Structures are given as structure tokens and as C-alpha cells.
Amino acid sequence: MARTIYDKPTRALLKDMLAEWKLKPDETFSAQRAVEWFAKNYPKLKAGSIHAHLVQASTNDPSRRHHPATNATDDLLFKVGSREYRRYQPGVDPAPIHQPGKTQIAGAGGAMVTVDEEDDDAGAAVDAALAGSTQFALEKDLQRYLADNLQLIEPGLTLFQDEDITGFEYPAGGGRRIDILAKDKSGNFVVLELKVEKGYDRVVGQLLRYVNWVRKELAEPGQRVRGIIVCRTMSEDLVLACASNKEVELYEYRLQVTVSKVPSLELPA
């Protein structure tokens with residue numbers, strides 16, 4: 001079981017909050033109200049973590065699929081607007097969105113790639129891993145590949161774990177999601193922004209918004225938060241934009257082809 005700050009995991013504390021409020025079937029509440037309840041009763045939990053758990057509990061939020069531990073016991077809420085929720089009503093609301101099954105495939109060089117069994121685009125990830133294409137077909141394929149192989153970027157880099165919620169497409173408020181939220185070997189936050197093709201200077205603003213959101217909503221005072229941009233190629237403007245920012249690193253990726261000969265089968269004469 002994932003490590004928790006309090007005796008109960010946050011997903012259980014969320015149920016306690018709803019039980020205390022005794023909401024009517026169509027009564028709504030804001031995310032801010034939930035954050036304030038947790039700040040009063042469980043002040044060690046960060047606001048960003050509360051928002052992530054609201055996503056996990058929202059039966060109609062597609063982002064909950066990125067949290068592998070989500071199950072029927074988390075079917076608590078129905079999202080009715082931006083940061084606005086009510087209790088989920090079985091038989092009235094649409095069926096909850098749940099996590100599809102996943103398969104891991106070994107690619108060239110032994111690195112792993114994860115694909116959703118129900119994903120119509122999963123073949124692109126498999127083809128990229130096995131055929132040795134020099135570029136991923138879709139950004140989410142690159143996302144999955146790196147989430148499973150963060151050590152390729154930096155030794156000791158691991159996917160962030162917020163109890164049962166991972167840093168894969170971590171919710172960052174306003175419907176935005178961080179591509180990959182990780183921690184380095186020193187326990188500091190690393191925000192990864194990915195572009196499957198060429199990266200331009202506008203991606204810097206996107207990355208810095210996420211970096212500062214993590215500083216505000218998740219990080220401890222004084223804890224370092226840095227960013228990494230991973231693209232197929234970098235524009236000169238992007239390299240220039242990051243030249244004086246020591247908290248942003250740039251990486252280009254390239255897939256390599258590995259070919260090995262299969263010995264001939266000896267048939268009886």
C-alpha cells in the first residue's frame with residue numbers, strides 16, 4: 001500500500017468529508033470548499049493533492065483513467081463544471097470511467113513501453129518500440145515510454161507517487177495536466193513537458209506555469225522544482241529562451257533500430 005501522511009489515505013478522508021457534509025442528491029460544492037475542509041482537518045495534505053483526488057473520485061473525468069489504483073470504491077462524484085462537483089448518482093449518471101487494462105512490451109534495447117488494451121491508437125506505441133522508428137507517432141506514446149523509462153533521462157528519476165495517484169498526466173488545475181511529474185534522487189520535483197515533434201519557444205511558458213503550480217500547490221517551502229523539455233528536435237528560439245534559466249533542461253529523443261539475424265532452421269534431408 002502507498003505511504004500515507006495520516007492514518008487513513010486521502011481517498012478515505014474524502015469519503016469522510018462527504019459523509020460530514022450530508023449533501024443532497026443535486027447539491028454541488030466547489031473544489032475550493034474541499035481544499036478548505038482538508039486545510040482545517042488535515043493540514044499536512046497539499047492543495048494539489050486534494051485536486052488530484054477529486055479528479056480520481058469524479059466518475060465522468062477522463063483523467064481518472066491515468067490513476068491505475070482507481071476502482072469502483074472511488075465512484076463518489078460527478079463533475080458538473082470547472083472545479084464544481086456533486087455526488088455521483090448511480091442509475092442516473094452515465095457509467096463511471098474506469099482504467100483500461102495495460103500491457104507492457106519490451107522494445108529495442110530492453111526498454112519498456114506500456115499500452116492501453118482498449119486504446120485504438122496503441123499500435124503506434126508498439127510499432128515505435130518494436131520497429132525502431134525514429135519518432136513516436138503520438139505524444140501520448142512518448143509519454144508512456146518515458147514514464148516507464150525515466151532512468152533514460154536521469155539516473156534516480158522516478159514517477160511521482162501521491163498515495164495511489166501517479167505523476168502520469170498529473171492534474172494541475174483548470175483542466176490542465178502535467179505530462180509527467182517526477183522526483184529526482186534527492187527527492188525534488190521534476191516537471192517534464194513533452195513534444196513528439198519539434199519544440200518551439202512557446203513551450204517554455206507552458207512548462208514554467210506547471211513548475212510554479214507545483215511550487216505553489218505541492219512542494220514544501222524551499223523545495224526545488226525544476227523542468228525538463230523533451231522533443232524530437234529543438235528550435236533555435238527554444239534553446240535561446242532557456243539559455244539563462246538553470247532550472248530548465250532540454251533533451252532531444254531519437255529511437256534507434258536494432259536488427260539481429262535469425263539463424264536458419266535446419267530441416268531434415
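Predicted model: local features only at pLDDT ≥ 70, side-chain atom pairs only at ≥ 80, totals over all residues.
Glutamate 169 lies in strand S9, which spans residues 168-171. The phi angle of glutamate 169 is near 50°. That value is positive, in a residue other than glycine. Most residues other than glycine have a negative phi.

A positive phi also occurs at arginine 83, again in a residue other than glycine. Here the angle is near 60°. Arginine 83 sits in a loop. Strand S2 (77-81) lies on one side of that loop and strand S3 (84-87) on the other. Arginine 83 has a relative accessibility of 36%. This value falls between the 20% limit for buried residues and the 50% limit for exposed ones, so arginine 83 counts as partly exposed.

Arginine 83 belongs to a loop and is partly exposed.

The chain as a whole gives the context. The protein chain contains seven helices and 13 strands. It has 269 residues, of which 47% are buried. Contacts were considered between residues at least 6 apart in sequence. Of these contacts, 54% join residues at least 24 apart. The accessible surface of the protein chain comes to about 14,100 Å². Carbon and sulfur atoms account for 50% of that surface.

Definitions and conventions
Residues numbered from 1 in each chain as written. Heavy atoms only, no water. Helix = DSSP H or I, 4+ residues; strand = E, 2+ residues; numbered from the N terminus. Buried < 20%, exposed > 50% of the residue type's maximum accessible area, 1.4 Å probe, protein only. Contact = heavy atoms within 4.5 Å. Areas by Shrake-Rupley, 256 points an atom, 1.4 Å probe, with all protein chains shown as cover.
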